[in-house]
Each structure stands twice: as structure tokens, then as C-alpha cells.
Amino acid sequence: KNGKFKEEGKGDKKKSMKANFVKANKLLEKMSPIEIEEFLRTEFVVEDLNKISPKLLGKKADTGELAANTVYGSAIFGPKIGNGFYTNLRGDFSPVTMDMWFMRTIGRLSGTLTGTNPKRMRDAYKRLADAVGAKKVVKGSLEKKARELKSAHERDYRANAEAYKSGKKEKSEKTLAAENLIKLLDGTNDVPSNGTHRNQLRDITYRAIKKFEDATGQKIEPAAFQALIWYPEQDLFKSLGVNLRHVRQDYATSTEQYLTKLGVNPRDIKRAK
């Protein structure tokens, strides 16, 4: 509306989308769409992009990369979407998109699928202790409290879903701290830990691609390599009994589902493929 992106949404993924829509609107205040497109596909050293981004966004961009690394301007939208997926969508398949399923493959093979570094755990326990007003960090009692808070929030959300969706109600710091601790205790490591880790994962990917080429004589782009392991990783989790909300989700499938919902004849959709 009026040349602006609609900034709405709830949930972790939608909050990330909202944050990027805010960034896009800030760019629109300073550049034309053509200038923005050129900026997004221009290469920068991260250190230089960090000097530019505060002037454009009001703060330093979180690229997730080392200062000496070279990224595209689109990295202002984050390491996965900006410097990976967006770049792949516009036809450059050289960047490696390190999404959740990529990280789960890496995690299984390296034994780092779960667990985290001691500092993050200490910070998570301390955050919850501060949120609930505990004078001491007693892990057992805090873990129990975290699960109680999470369950209480889930009950409250079911009873007041519309209020949460509209933004009238939001998660408290207690709930956020509880969920953060539980995620570290029970969850998987779905994001690279830092810029050094990202460089290591790129090196692993490039070496795997080189081995594949040497063995088969076929070249494969990093983006295609990531896509190839994306599907079987989901299938593995599903076969192990994990209840996945979205499986084999891609633009073609999503578009087909959307058109079907609008009432478009399935035969017409198949003919258009």
C-alpha cells in the first residue's frame, strides 16, 4: 500500500519476515526500487556493509558473517534469506543457503544436532531466573518452571488465539525466557553458531560438491546441492515419527495449493506446469 510493504505477522518466522519488511520500507525511503535492486546484488566486504547499513536502516545489519567476508547487499536481510535464498531466487546459485534442513543434515553427520555451548546455557538459565525473580540459578527447578510456563502459555493461547494474532496480547518475558531454555534443552541446532562456522560449512559443501564431480563427472551448483539434501532429510525425520507441519514445501507446491484453494481447475494447473 502506497509503495510500502505490509508489516504484519506473528510467530518466529513471521516476526523475521516483519523485520525484513521494515528494512525494505526503510530502503524505499532512501532509494528507488531500481536502486534497491542494484544495491541488493552488489558485492560488499562485510566490514564496509556494516558502515553503510546504519545510514540505510538506522542500525548495523546482522549478516552473521565475518568482517572480512564478501557478501551481497541483500545480506542486510540476514544470512539465510538475504545472502542465500534471495540470491538463489534471482539466478545466482553459488551461495549456500544454510537453512534448518541443511543444518540438520550437518548436525546428524557431525554429532552436533543437539546440545549447545556452556555460555548459552548459562545465559538461558540466568534469563529465566531473572524473569521469575529467582535469587539463585537452580537448574532442576528452573527447567520445571520453564515447562510449566510454556504449558500455561499454550493453554492461554488456545483460549485467546485471536488476541495474540491481532497483537493485543503478546508473550511475556517469562514465557520467552522459558521457551528459550526449553529450545536449548530439547531442540536441534538449526542455525550456524557464528561467521567462522558458516565459513566451515561452506568449505564442507564445496568439498562435497568437488567429490561428487570427480566421481560422476557432473557439475552441481551449491544451491542445487542444498536442495538435493533438503527433501531426504525431511523424509527421514518424518519416517522417525516427527510430526512435521510442512513437508516438501516449495514454490511450485505452494502455488498449486493456493490456486486449488481459489477454485482453479486442477487440470488447468497441470497444463500450466
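**Figure 1. Lys 126 and Asp 130 in a predicted model.** Partly exposed means a relative accessible area between the buried limit, under 20%, and the exposed limit, over 50%. Asp 130 has a relative accessible area of 49%, so Asp 130 is partly exposed. Lys 126 is at 43% and therefore also counts as partly exposed. The two residues form a salt bridge, with the closest N and O atoms 2.9 Å apart. Both lie in helix α6 (residues 118-132). They sit 4 residues apart, about one turn of the helix. The model is predicted.

**Figure 2. Arg 127 and Glu 173 form a salt bridge.** The closest N and O atoms are 2.8 Å apart. This pair links distant parts of the chain. Arg 127 belongs to helix α6, Glu 173 to helix α9 (residues 173-186), and 46 residues separate them. Arg 127 is partly exposed, at 31% relative accessible area. Glu 173 is partly exposed too, at 39%.

**Figure 3. Asp 203 and Arg 207 meet in a salt bridge.** Their side chains come to 3.0 Å, N to O. Helix α10 (residues 195-216) holds both residues, 4 residues apart. That spacing is about one turn of the helix. Asp 203 has a relative accessible area of 38% and is partly exposed. Arg 207, at 49%, is partly exposed as well. The structure holds 14 salt bridges.

**Figure 4. Ile 81, Phe 85 and Leu 89 form a nonpolar surface patch.** Together they have about 250 Å² of accessible area. Leu 89 lies in helix α4 (residues 81-89). The protein exposes about 17,700 Å², and carbon and sulfur atoms supply 54% of that area.

Note on methods
Residues numbered from 1 in each chain as written. Predicted model: local features only at pLDDT ≥ 70, side-chain atom pairs only at ≥ 80, totals over all residues. Heavy atoms only, no water. Areas by Shrake-Rupley, 256 points an atom, 1.4 Å probe, with all protein chains shown as cover. Patch = residues over 30% accessible without salt bridge, like charges linked within 9 Å, V, L, I, M, F, W, Y side chains within 5 Å. Salt bridge = Lys/Arg side-chain N within 4 Å of Asp/Glu carboxyl O. Helix = DSSP H or I, 4+ residues; strand = E, 2+ residues; numbered from the N terminus. Buried < 20%, exposed > 50% of the residue type's maximum accessible area, 1.4 Å probe, protein only.
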